[in-house]
Amino acid sequence: MTLREYQLRLEAYKIHQVREQENLATLAWWIQSVQATKGSAKHPKPVFSEFKDFFDSQKLIDQIRSSFEADYSPRASATKSIDRAQIFNRRLEEFKKLKAAGKIVPLKERGMNNG
């Protein structure tokens, strides 16, 4: 076995370990969603709203792959928040254009009772 084959198998094994950790984290997620809450006793809310907040497997895989591959570009969740901001800005610009063109009528002018 060459050094490159060994490194490839080691990388695959570490990614497999992340998948095993993800399975354990899924089990822990379901347990904590029942037990771990914040807020008042009448209105409890889960501590973590999404599974990614609890366990980010893509981040771990990115760390593993970047340590083995020099030209690997991570697909971490940081790009997700940038994408959300870009989507919001694009929709806001579209809204402004539609409003300027008169295609969107403000709530006050619709004649609805907003009470």
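Me: In what order do the elements of the protein chain run from the N terminus on?
Reply: The order is α-β-β-α-α-α. That comes to four helices and two strands. Keep in mind that this is a predicted model.

Me: How do you know that the span of helix α3 agrees with its number of residues?
Reply: Helix α3 covers residues 57–68, which is twelve residues. The expected span is 1.5 Å times one less than the number of residues.

Me: Which residues of α3 are buried?
Reply: They are S57, Q58, I61, D62 and I64.

Me: What makes these buried residues line one face of the helix?
Reply: Look down the axis of α3. The buried residues fall within an arc of 170°, so they line one face.

Me: Why is the pair R65 and E11 called a salt bridge?
Reply: The cut-off is a side-chain nitrogen of Lys or Arg within 4 Å of a carboxyl oxygen of Asp or Glu. For R65 and E11 the N to O distance is 3.7 Å. The pair is within 4 Å, so the name applies.

Me: What parts of the chain does this pair link?
Reply: Distant ones. R65 sits in helix α3 and E11 in helix α1 (residues 3–35), 54 residues apart.

Me: Why is E11 called buried, and why is R65 called partly exposed?
Reply: Buried means under 20% relative accessible area, and exposed means over 50%. E11 has 5%, so E11 is buried. R65 has 27%, which falls in between, so R65 counts as partly exposed.

Me: What joins E11, R65 and E69 into one network?
Reply: E69 also forms a salt bridge with R65, with the closest N and O atoms 3.3 Å apart. Salt bridges that share partners join E11, R65 and E69.

Me: What makes E22 and R19 a salt bridge?
Reply: Their side chains meet at 3.3 Å, N to O. The cut-off is 4 Å, so the pair qualifies. By this rule the count comes to three salt bridges.

Me: How many residues apart are E22 and R19 in helix α1?
Reply: They are three residues apart, about one turn of the helix. An α-helix has 3.6 residues a turn, so residues three or four places apart point the same way.

Me: Why are E22 and R19 called partly exposed?
Reply: E22 has 21% relative accessibility. R19 has 41%. Both values lie between 20% and 50%, so both residues are partly exposed.

Definitions and conventions
Residues are numbered from 1 along each chain as its sequence is written. This is a predicted model: local features need pLDDT of at least 70, side-chain atom pairs count only at pLDDT 80 or more; totals for chains, interfaces and linings use all residues. Side-chain values use heavy atoms; hydrogens and water are left out. Buried means under 20% relative accessible area, exposed over 50%, partly exposed in between (1.4 Å probe, protein chains only). The arc is that of the directions from the helix axis to the C-beta atoms.
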